[in-house]
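Student: I want to go through this structure term by term. Please set each value against its cut-off.

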Amino acid sequence: MESIICTGYISEYPLYVSWDRSFSDLLALLPKSKQRFLLYDVKVKDAFPEIIELFGKQGVYLYGINAVETNKSWEELQRILSFLFEHKPSRNDQVIVVCGVLTLNLGWLDGSLAMRGMPFYYVPTTLTAQIDASFGSKQAVNFKGAKNWIGMFNDPTFCY
């Protein structure tokens, strides 16, 4: 595994590059946490079933998102926040997002907003998401027909 330091909007953070499709080295990188939440694009279940299975066996709470433009919305953002809220997370619990760029925006924004920011980690699965995750610190959702109207800049804890 290789590591590159990315300069984000607020801070620097590591970007880990791995060719291991078992994702076991990802688990080793994550600090210990009482609860973990995996937000993923439902297409990931077909493309990378091993990561969903691995995290499922670890007792991670799973939330699948259908990555269509209509779901990049305030309503979906609220559903994800409700999902997190139901499990009574602490500020030290982790949000892990495995997805393409649309779901990345949703998961990133949720991780930034919940409890004024929980540690969040990205596993981008498309080239556009890899670029956004490693060189862009922006996340947003659409609102009342306006693209990316609700959002912020915030850096991840790390990208994988």
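Predicted model: local features only at pLDDT ≥ 70, side-chain atom pairs only at ≥ 80, totals over all residues.

Tutor: Numbering starts from 1 along each chain as its sequence is written, and side-chain values use heavy atoms, with hydrogens and water left out.

Student: Why is E76 called buried?

Tutor: Buried means under 20% relative accessible area, exposed over 50%, partly exposed in between (1.4 Å probe, protein chains only). E76 has 5% relative accessibility, so E76 counts as buried.

Student: What makes the contact of R79 and E76 a salt bridge?

Tutor: A salt bridge needs a side-chain nitrogen of Lys or Arg within 4 Å of a carboxyl oxygen of Asp or Glu. The N to O distance here is 2.8 Å, so the pair qualifies. Both residues lie in helix α4, three residues apart, about one turn of the helix. R79 is partly exposed, at 42%. Helices (H or I, at least four residues) and strands (E, at least two) are DSSP runs, numbered from the N terminus.

Student: How many salt bridges are there by this rule?

Tutor: The count comes to three. K57 and E53 form one of them, at 3.2 Å, N to O. These two lie in helix α3 (residues 49–57), four residues apart, about one turn of the helix. K57 has a relative accessible area of 64%, so K57 is exposed. E53, at 47%, is partly exposed.

Student: What does the salt bridge of E69 and K147 tie together?

Tutor: Its closest N and O atoms are 2.8 Å apart. E69 lies in the loop between β4 and α4, and K147 in strand β8 (residues 146–153), so the pair ties together parts that are 78 residues apart in sequence. E69 is partly exposed, at 40%. K147 reaches 51%, so K147 counts as exposed.

Student: What makes a set of residues a nonpolar core?

Tutor: The members are buried Ala, Val, Leu, Ile, Met, Phe, Trp, Tyr and Cys residues, joined through side-chain atoms within 4.5 Å. The largest such core has 29 residues; L39, V95, L104, L106 and Y122 touch the most other members. Elements giving two or more residues include β3 (36–41), β5 (94–99) and α5 (101–113). α5 gives the most, with five residues. Apart from this core lies another, of 19 residues, among them Y16, L38, I51 and V123.

Student: Which residues does Y122 contact, leaving aside neighbours within four places in sequence?

Tutor: Contact means heavy atoms within 4.5 Å. By that rule Y122 meets V97, L104, W108, A133, P156, F158, C159 and Y160.

Student: What makes Y9, I10 and F153 a nonpolar patch?

Tutor: Patch members have over 30% relative accessible area and no salt bridge; like charges are joined within 9 Å, nonpolar side chains (Val, Leu, Ile, Met, Phe, Trp, Tyr) within 5 Å. Y9 has 57%, so Y9 passes the area cut-off. Together the three have about 370 Å² of accessible area, by the Shrake-Rupley method with a 1.4 Å probe, where only the protein chains shown count as cover. Y9 lies in the loop between β1 (2–7) and β2.
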